[in-house]
Amino acid sequence: MTKDTGAKDTHATKLGNHTLSPETQMMGYGYDPMLSEGSLKPPIFMTSTFVFKTANDGKEFFEVAYGKREKRQDEELGLIYSRINNPNLEVLEDRLALWEKADKALVFASGMAAISTCLLSHLRPGDVIIYSAPIYGGTEYLIRNILPEYGVKSVEFEAGGTGPTLAAAIEKAKKLGRVAVIYAETPANPTNDLVDLVACKTEADALEKDTGNKPLIIIDNTYLGPIWQHPLEHGADIVIYSLTKYIGGHSDLVAGAAVGKGDIMAGVAGFRTILGTMCDPHTGWLILRSLETLKLRMTAAGDNAEKIATYLRDHPKVGKVNYLGFLGENDPAYHIYKQQCKAPGATFSFTVEGGEKEAFAVLDALKIIKLAVSLGGTESLMESPYFMTHADVPDDVKERLGVTPAMLRISVGVENADDLIADLEQALSVI
Ligand SMILES: Cc1ncc(COP(=O)(O)O)c(C=O)c1O
């Protein structure tokens with residue numbers, strides 16, 4: 001799939017001197033129809049294994065796949081086995097990498113598979129991971145409860161807020177062991193607090209000067225990427241996606257991705273092969289289809305979110321609306337927003353007057369917006385972070401980070417914004 005017929009370069013990123021945009025490239029990049037009977041869309045390669053022309057081919061493909069030697073110039077490698085590589089996944093990975101201008105993308109069975117494979121490939125017993133809070137509940141559970149079983153310690157810092165800063169966390173972590181990873185989710189789920197990506201890079205470089213060891217910077221970009229934020233441009237080493245969210249975009253699949261520099265991703269790819277955490281071809285094909293409308297969907301959802309956030313801000317029963325578009329120039333997060341985000345996104349949280357009873361009453365009264373966890377789909381979803389997505393996070397941590405029983409999170413979809421506002425109006429009227 002990565003070779004072409006010579007008629008057309010399927011990996012061209014320019015037309016003459018004109019640089020092509022990713023939204024254009026999503027329709028054809030990395031796929032040559034002439035290798036598949038002229039089929040406009042890539043067929044789904046539902047196969048576990050691939051036939052070698054000769055035994056020597058098999059030997060050579062394995063030598064490169066298992067890192068025994070580098071690929072020779074002009075060597076045409078074939079496929080081996082779908083846990084190692086598959087045409088649908090290769091096209092998908094090539095297209096995902098374009099959005100981030102990255103060397104390499106890898107796709108996984110879920111966002112958590114991407115996160116855990118990246119962390120396991122880099123962390124060793126005695127290492128320390130520094131992570132931002134709040135963070136997705138599954139990631140928090142992995143770092144707080146599972147990694148310690150493998151001898152990996154963790155130190156938390158706060159995205160925004162008044163809690164421990166990144167610099168303080170690094171000072172503390174240095175005393176515990178090798179600081180191997182700085183892991184951040186920005187904007188943070190569910191508060192939309194921001195982590196300064198440039199500061200992460202500055203701190204990582206300072207730590208390298210100090211100790212000779214540079215921590216890997218891993219950023220979960222599920223909320224804003226890949227349309228509205230590009231962490232690799234600000235010094236991140238790996239960008240993580242739950243493809244289940246905006247990139248898949250139709251709430252009909254679960255998948256994940258890690259995108260980054262070639263040498264770092266090679267190590268992750270080796271772990272993925274052995275852990276078997278890769279995405280399957282059918283899901284990969286669905287994501288290829290989704291990528292064709294990614295910019296359209298995210299733009300429409302972002303426009304709707306602005307209208308809904310504005311409506312909620314003016315509602316008498318609504319307290320704080322954590323929408324990035326409302327950050328004022330005097331807000332400490334404003335400069336971070338301007339530095340690294342291109343738009344406020346389409347998922348945000350807000351509080352209602354009262355507590356659990358009132359928040360649940362609003363959720364139960366919704367008629368158009370669905371009461372469900374997850375985000376980034378075509379349909380709008382609402383949930384209670386305190387009792388649902390972040391149920392795993394200790395209550396005292398949630399309270400400290402402002403995740404309260406009165407908080408609701410909305411992922412705004414691509415419906416008509418006035419219809420969504422009418423639904424919120426009637427649901428809020430019950431409290
Ligand atoms: C920000 C973020 N990262 C990672 C994940 C995990 O992704 P998945 O559910 O695809 O494993 C989620 C899931 O909700 C998430 O919201």
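**Figure 1. Helix α6 and what covers its buried residues.** The cover over the buried residues of α6 includes β4 (128-133), β5 (153-158), β6 (179-185) and α7 (197-211), where contact means that two C-beta atoms, placed from the backbone, lie within 7 Å. Helices (H or I, at least four residues) and strands (E, at least two) are DSSP runs, numbered from the N terminus. Before we zoom in elsewhere, please note that this is a predicted model, in which local features need pLDDT of at least 70, side-chain atom pairs count only at pLDDT 80 or more, and totals for chains, interfaces and linings use all residues. Residues are numbered from 1 along each chain as its sequence is written. In α6 (residues 166-174), the buried residues are Leu 166, Ala 169, Ile 170 and Ala 173. Seen down the axis of α6, they fall within an arc of 100 degrees, so they line one face of the helix; the arc is that of the directions from the helix axis to the C-beta atoms. A residue counts as buried if 20 or more other C-beta atoms lie within 10 Å of its own, exposed if 12 or fewer, and partly exposed in between, with C-beta atoms placed from the backbone.

**Figure 2. Ala 102 in its loop.** Here we look at the loop between α3 (87-100) and β3 (104-108), where Ala 102 lies. Ala 102 is buried, with 21 other C-beta atoms within 10 Å. Leaving aside neighbours within four places in sequence, Ala 102 is in contact with Ala 97, Leu 232, Val 259 and Gly 260.

**Figure 3. Gln 25 in helix α1.** Gln 25 belongs to helix α1 (residues 22-25). With 18 other C-beta atoms within 10 Å, Gln 25 is partly exposed. Not counting residues up to four places away in sequence, Gln 25 touches Leu 20, Arg 95 and Leu 98. His 11 is 14 residues away from Gln 25 along the chain, and 9.1 Å separates their C-alpha atoms.

**Figure 4. The shell around the ligand.** There are 14 residues around the ligand, of which Ser 110, Gly 111, Met 112, Ser 242 and Thr 244 come nearest; a residue is near if its C-beta atom, placed from the backbone, lies within 6 Å of the molecule. The shell divides into three nonpolar, nine polar and two charged residues. Ala, Val, Leu, Ile, Met, Phe, Trp, Tyr, Cys and Pro count as nonpolar, Asp, Glu, Lys and Arg as charged, and the others, Gly among them, as polar.
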